[in-house]
Amino acid sequence: MRTDDFAYHLPPERIAQQPLIPRDACRLLVLDRATGAVSHRAFLDIADYLHLGDLLVVNETRVLPARLQGRRCDTGSAVEVLLLKELSVSGATYTWECLVKPGKRVRTGAALVFSQNDSDKPALYATVVSAREEGIRHLAFTPGDDTTFADALHMLGFVPL
């Protein structure tokens, strides 16, 4: 199986940007395994399809706002960073494996800053620790004054869609 098998066009207006209110009004796709019939319902109706002994798994994970827009300190050019995996924490320094665009131009030693807008004091600083293939970089992040890494991430980051 290839990931390309799952590629399809999804118009941006069909991607939820916020949870539906009330939450149980979201859509529910129901497949009748005996007949193959498909019906569209609301999640509010889920109890109609559960039977004694069924298991319902609820995913309560939060999505990390792992996409950051920043700029290079030396040139001021725009940089996009996608946090992939936390590698280590040492004091106030958080090292992450990231995808960086433009990857080829952001080399080892490059300094990056992240702020809500260009006139704001940076809430997050990063240094490229190592450069790997295909835009993958290891970045060491340090929060700005009066903030934590988690707060800076929630203030500056976007949920990757």
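In strand β6, Arg72 has Leu112 as its bridge partner. Helices and strands here are DSSP runs (H or I over at least four residues for helices, E over at least two for strands), numbered from the N terminus. This is a predicted model, in which local features need pLDDT of at least 70 and side-chain atom pairs count only at pLDDT 80 or more, while totals for chains, interfaces and linings use all residues. Residues are numbered from 1 along each chain as its sequence is written, and side-chain values use heavy atoms, with hydrogens and water left out.

Leu112 also stands opposite Ala126 in β7. Strands count as paired if DSSP finds at least two bridges between them.

| Strand pair | Bridges | Sense |
|---|---|---|
| β3 (residues 67–72) and β6 | two bridges | antiparallel |
| β6 and β7 | four bridges | antiparallel |
| β5 (residues 93–101) and β8 (residues 136–143) | six bridges | antiparallel |

Trp96 stands opposite Leu139 in β8. Six strands close into a barrel with antiparallel pairing, in the order β3-β4-β5-β8-β7-β6. Neighbouring strands of this sheet are turned by 45° against each other on average, direction ignored; the axes are lines fitted to C-alpha atoms, for helices over the stretch in contact, and angles run from 0 to 180 degrees between N-to-C directions.

The largest nonpolar core has 22 residues, and Val81, Leu83, Phe114, Leu139 and Phe141 have the most contacts inside it. Such a core is a set of buried Ala, Val, Leu, Ile, Met, Phe, Trp, Tyr and Cys residues joined through side-chain atoms within 4.5 Å. At least two residues of this core come from each of β4 (78–90), β5, β6 (111–114), β7 (124–131), β8 and α1 (149–156). Helix α1 gives the most, with four residues.

Met155 is found in helix α1. Met155 counts as partly exposed because its relative accessibility is 38% (buried is under 20%, exposed over 50%, partly exposed in between; 1.4 Å probe, protein chains only). The C-alpha atoms of Met155 and Gln116 are separated by 7.8 Å, with the two residues 39 apart along the chain.

The largest pocket has a volume of about 670 Å³. Of its 16 lining residues, Ala16, Gln17, Gln18, Pro19 and Leu20 are the closest to its centre. A pocket is an open set of points on a 1 Å grid over the protein atoms alone, where a 1.4 Å probe fits, with protein on both sides within 12 Å along at least five of seven lines; lining residues have an atom within 4 Å of a point. The lining divides into nine nonpolar, three polar and four charged residues.

Note on methods. Points joined across faces, edges and corners; volume = space filled by probe spheres on them. Nonpolar A, V, L, I, M, F, W, Y, C, P; charged D, E, K, R; others polar.
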